[in-house]
Amino acid sequence: MNIYVSNLNFSTTSESLQELFAAYGEVESAKIITDRESGRSRGFGFVEMPNDTEGQNAISGLHDTDFEGKTIGVSVARPKTERSSGGYNNRGGNGGYNRNRY
């Protein structure tokens, strides 16, 4: 089961996150998501637990609890969605300020 953990303290490590969830069962992996450019934590992460019952118990037991000074949110992770290509709004048009004004 893939579990999403939100509102993490920026100083939380993958190791401390793994230890937190290990109280509920086997933890396959724990990962803090970081900013690509700065390397700083983005304040959320994912925990993979192979046993769904243990994962559900972790969600129930840890959601809205205090961890390292912050009240964390814990839920089942949603599947990753495809992003649109490029960084544009995909609406077409030529863009630009006051273009095609005549």
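**Exercises on a predicted fold**

Glu68 sits in the loop that connects β4 and β5. The model used in these exercises is predicted.

**Exercise 1. Describe the turn that holds Glu68 and classify the residue by accessibility.**

Step 1. β4 and β5 make a hairpin, with two residues between the strands.
Step 2. The two strands pair antiparallel over three bridges. Within this pairing, Asp66 has Thr71 in β5 as its bridge partner.
Step 3. Phi of Glu68 is positive, about 55°, although the residue is not a glycine. Most residues other than glycine have a negative phi.
Step 4. Glu68 has 33% relative accessibility, so it counts as partly exposed.

**Exercise 2. Find Asp64, give its phi, and decide whether it is buried or exposed.**

Step 1. Asp64 belongs to the loop between α2 and β4 (65–67).
Step 2. Its phi is near 60°, a positive value in a residue other than glycine.
Step 3. Because its relative accessibility is 55%, Asp64 counts as exposed.

**Exercise 3. Work out the strand order of the sheet and name its edge strands.**

Step 1. The sheet is open and has five strands, in the order β2-β3-β1-β5-β4, with antiparallel pairing.
Step 2. β2 and β4 are the edge strands, each pairing on one side only.
Step 3. From one strand to the next, the twist averages 35°.
Step 4. Check the β1 and β5 pair: these strands run antiparallel and are joined by four bridges. Ile3 stands opposite Val76 in β5, and Ser6 has Gly73 in β5 as its bridge partner.

**Exercise 4. State which strands each helix lies across, and at what angle it runs to one of them.**

Step 1. α1 lies across β1, β2, β3 (41–48), β4 and β5, and runs at about 140° to β2.
Step 2. α2 lies across β1, β4 and β5, and its angle to β5 is about 150°.

**Exercise 5. Identify the residues of the largest nonpolar core that touch the most other members, then follow the contacts of Val5.**

Step 1. The core has 18 residues; those touching the most other members are Ile3, Val5, Leu17, Phe21, Val47 and Val74.
Step 2. At least two core residues come from each of β1 (2–6), α1 (14–22), β2 (29–34), α2 (52–62) and β5 (70–76).
Step 3. Leaving aside residues up to four places away in sequence, Val5 touches Leu17, Phe21, Gly43, Phe44, Gly45, Val47, Ile72, Gly73 and Val74.

Conventions:
Residues numbered from 1 in each chain as written. Predicted model: local features only at pLDDT ≥ 70, side-chain atom pairs only at ≥ 80, totals over all residues. Heavy atoms only, no water. Core = buried A, V, L, I, M, F, W, Y, C linked by side-chain atoms within 4.5 Å. Buried < 20%, exposed > 50% of the residue type's maximum accessible area, 1.4 Å probe, protein only. Contact = heavy atoms within 4.5 Å. Pairing = 2+ DSSP bridges. Axes fitted to C-alpha atoms, helices over the stretch in contact; angles between N-to-C directions.
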